[in-house]
Amino acid sequence: MPSRRTMVFQAIGAFTSIPVSTLFSTTFEWMAENGWTKTYPRISDVGWTYYVISTLIYLFVVEFGIYWAHRLMHDIKPIYKYVHAPHHRYSKEIMISPFAGWSGHPLDGALQELPYGIVLSIVPVHFTTFLGLFLVEAVWGVMVHDRSDAKGWPIMGSDYHTIHHTSGRNNYGNYTIFMDWLFGTLRHPKKCNVNNAEKVQ
């Protein structure tokens with residue numbers, strides 16, 4: 001486990017960044033409530049088939065958007081240095097805790113949430129489902145940093161995300177490893193000793 005000092009530092013960082021991130025989610029909700037998105041209020045208006053298909057498309061496009069937002073935060077050096085690097089100061093497995101999920105620059109989480117809002121203007125999705133997915137996203141950010149070594153292909157569990165922290169590369173995905181597989185950045189836990197992974201930035 002990380003030291004108490006490290007966890008307190010991460011908790012302070014999380015409580016600093018969360019208010020900024022919630023401004024983005026609040027803005028997206030306001031846009032949806034005021035008709036600026038393609039959200040719809042009732043499943044009965046569109047039917048269950050449309051609901052399931054539109055939700056799956058929404059999740060796929062969001063996954064694509066978050067993958068590239070995260071990857072570009074690493075590849076564009078000024079953004080990495082000033083926005084994403086504070087989150088990656090936790091580069092050793094022993095330093096990662098659930099608090100690390102939201103600890104970092106306030107704009108970090110906000111930039112990775114942007115795909116949720118942008119995709120709302122392109123893909124129809126049920127309004128309450130959108131809010132539920134945003135809540136799941138917030139919890140997911142904690143879970144992938146808890147080092148529980150949970151496995152369940154194709155889920156982006158903490159075992160995959162720990163590799164991302166210890167290497168500084170690979171496994172940029174959100175809920176799944178699909179985008180990493182598709183774009184050649186996937187690194188499997190069984191092929192990597194995360195304790196001895198080389199840090200590359």
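Reader: Which residues touch Tyr 116, leaving aside its neighbours within four places in sequence?

Author: This is a predicted model. In it, Tyr 116 is in contact with Tyr 58, Val 62, Ile 66, Phe 130, Leu 133, Phe 134, Glu 137, Asn 174 and Tyr 175.

Reader: What makes these pairs contacts?

Author: The cut-off is heavy atoms within 4.5 Å. The listed partners of Tyr 116 meet it.

Reader: Which residues have the most contacts inside the largest nonpolar core?

Author: They are Phe 28, Tyr 58, Val 62, Tyr 116, Leu 120 and Phe 130. The core has 18 residues.

Reader: What makes a set of residues a nonpolar core?

Author: Its members are buried residues of the listed nonpolar types, joined through side-chain atoms within 4.5 Å. Tyr 116 is one of the members, so it must be buried, under 20% relative accessible area.

Reader: Which helices supply at least two residues each to this core?

Author: They are α1 (4-33), α2, α4 (106-120) and α5. Helix α5 gives the most, with 5 residues.

Reader: Why are α2 and α5 called oblique to each other?

Author: Two packed helices are described by the angle between their axes and the distance between the axes. Helix α2 (residues 48-75) and helix α5 (residues 127-143) pack at about 40°, with axes 12 Å apart. Roughly parallel needs an angle under 35 degrees, and roughly perpendicular starts at 65. The α2 and α5 pair is therefore oblique.

Reader: What is the handedness of the crossing, and which residues make the contact?

Author: Helix α2 passes α5 in a right-handed crossing. From α2 come Tyr 51, Thr 55, Tyr 58, Leu 59 and Ile 66. From α5 come Thr 129, Phe 130, Leu 133 and Glu 137. By class, that contact has 6 nonpolar, 2 polar and 1 charged residues.

Reader: Where is His 161, and is it buried or exposed?

Author: His 161 sits in helix α6 (residues 158-167). Its relative accessible area is 7%. Buried means under 20%. His 161 is therefore buried.

Reader: What is in contact with His 161, beyond its neighbours within four places in sequence?

Author: Its partners are His 70, Val 144, His 145, Met 156 and Asn 171. The C-alpha atom of His 161 is separated by 7.8 Å from that of Tyr 172, 11 residues apart along the chain.

Reader: What does the protein chain come to in helices, strands and buried residues?

Author: There are 7 helices and 2 strands. From the N terminus on, they run α-β-α-α-α-β-α-α-α. Of the 201 residues, 46% are buried.

Terms used. Residues numbered from 1 in each chain as written. Predicted model: local features only at pLDDT ≥ 70, side-chain atom pairs only at ≥ 80, totals over all residues. Heavy atoms only, no water. Helix = DSSP H or I, 4+ residues; strand = E, 2+ residues; numbered from the N terminus. Buried < 20%, exposed > 50% of the residue type's maximum accessible area, 1.4 Å probe, protein only. Axes fitted to C-alpha atoms, helices over the stretch in contact; angles between N-to-C directions. Parallel < 35°, antiparallel > 145°, perpendicular 65-115°, else oblique. Left-handed = near helix turned anticlockwise from the far one by under 90°. Nonpolar A, V, L, I, M, F, W, Y, C, P; charged D, E, K, R; others polar.
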